[in-house]
Amino acid sequence: MSVESKLKEITVNSFIKKKQNNEKITMLTAYDCSTAKFFDEAGVDSILVGDSVGMVVLGYESTHHVTVDEMKVFTAAVSRGSKRCMVVADMPFLSYHMSVDEAIKNAGELIKAGASAVKLEGASDHTLEVIRRCVETGIPVVGHLGFTPQYLNVLGGYKIQGKSAENTIFILNQARKLQQAGAFCVVLEMVPEESAKLITENLDIPTIGIGAGRYTDGQVLVADDILGKFSEFKPKFARRYADLQSVIKQAAANYVADVNSGNFPSESEVFHLTDEALDKLKEMNSFEFNCSK
Ligand code: KIV
């Protein structure tokens, strides 16, 4: 799998600078080259190759089933499509939990596939050690706190985190630990706006919110949610900017109707032999040739 491993225009430093200058950071997920190219050209700062790919592209019920090999393919495709955007690849479930060495190896594989940074969930002692070692190795890390989908079964469902003062302080302390371990940014998922604001104001590294209100340093959403492609459910925090599901279904239905009626392909959509080749073909064929050009 080859990818041009060029430094993208938006780097770790751009994220830090944006926080310092009070400018918002924009991040969207993408999983393929053409969508990445569109987002890149539209001015998005960063593309997250999220393990949400398992649910929105591969049809799994949760993110747990995604493998490093799958993430490498999607990461390489996105990296080929983006010139400016920083590409962040999710480390999938169990790819960084077994041992620090295995975590570094897997993170390195995603960097070799074209990511500029990796993202991992939680702030356990083990995860903090993984972050330290990744950074020492030259792999930038994005943290992920609040609702962490890989902990779905422990959290007991898609639930808002940090709803009490104590839980807000707990997440703030986790975020500080991530910052201290060397993470350059932290995603806050599904936490109350007030909690996310407090956490954001008490960190030097930027926060990127998803369902975390208006005061985080940046926002991230899942591409299929903003494009109206994912039909299983629409999270309260997602805004739909397009209805691609209807556009795609209508296009496919039109195609089926055109093929069935003989309206596709038309004269402008076919290739023809030259007159010379056609004459020769007629000569070579002993049977009646009645194809009219
Ligand atoms: O996998 C993903 O898409 C994510 C976002 C929800 C932040 O982690």
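Strands β7 and β8 pair in the parallel sense, over two bridges. This is a predicted model, so please hear everything I say today as a description of a prediction. Across that pairing, Gly209 of the chain stands opposite Gln219 in β8.

Stay with β7 for a moment, which covers residues 207-210. Which way do its residues point? Thr207 and Gly209 point one way, Ile208 and Ile210 point the other way, and all of them are buried. On its other pairing, β7 runs parallel to β6, and four bridges join the two. One of the residue pairs here is Val187, whose bridge partner in β7 is Ile208.

Now β8, residues 218-221. Four bridges join this strand to β1, residues 25-29, and again the two run parallel. In this pairing Leu28 stands opposite Leu221 of β8.

That brings me to the whole sheet. How many strands close into the barrel, and in what order? Eight strands do, in the order β1-β2-β3-β4-β5-β6-β7-β8, with parallel pairing. On average, and ignoring direction, neighbouring strands of this sheet are turned by 25° against each other.

Next, the helices on the sheet. Helix α4, residues 68-81, packs on the sheet and touches β2 (46-49) and β3 (86-90). The direction of α4 makes about 160° with that of β2. Helix α8 also packs on the sheet, where it touches β5 and β6 (185-189). For α8 the direction makes about 170° with that of β5.

Strand β4, residues 117-121, pairs with β5 in the parallel sense over four bridges. Lys119 has Val142 as its bridge partner in β5.

Let me move on to the rings. The count of aromatic pairs comes to three. One of them is Phe147 with Tyr158, a tilted pair with 5.3 Å centre to centre and 40° between the planes. Where do the two residues sit? Phe147 is in the loop between β5 (141-146) and α7 (152-155), and Tyr158 is in the loop between α7 and α8 (165-181). They are 11 residues apart, and the pair links distant parts of the chain. Phe147 is buried, because its relative accessible area is 1%. Tyr158 has a relative accessible area of 44%, so Tyr158 counts as partly exposed.

Another ring has a charge over it: the charged end of Lys197 sits over the ring of Tyr215, 5.5 Å from its centre.

Now a loop residue, Thr63, found between α3 (53-56) and α4. Is Thr63 buried or exposed? Its relative accessible area is 5%, so Thr63 is buried. Leaving aside neighbours within four places in sequence, Thr63 is in contact with Asp51, Ser52, Met55, Pro149 and Gln150.

Last, the domains. The domain assignment gives domain 1 as 12-242 and domain 2 as 248-291. How far apart do the C-alpha centres of domain 1 and domain 2 lie? They lie 49 Å apart.

Asp258 is partly exposed, because its relative accessible area is 28%. Setting aside neighbours within four places in sequence, Asp258 is in contact with Asn263 and Phe264.

Key. Residues numbered from 1 in each chain as written. Predicted model: local features only at pLDDT ≥ 70, side-chain atom pairs only at ≥ 80, totals over all residues. Heavy atoms only, no water. Phe/Tyr/Trp six-rings, centres within 6.5 Å; stacked < 30°, edge-to-face > 60°. Buried < 20%, exposed > 50% of the residue type's maximum accessible area, 1.4 Å probe, protein only. Lys NZ or Arg CZ within 6 Å of the ring centre and 35° of its normal. Pairing = 2+ DSSP bridges. Axes fitted to C-alpha atoms, helices over the stretch in contact; angles between N-to-C directions. Contact = heavy atoms within 4.5 Å. Domains from an automatic or database assignment.
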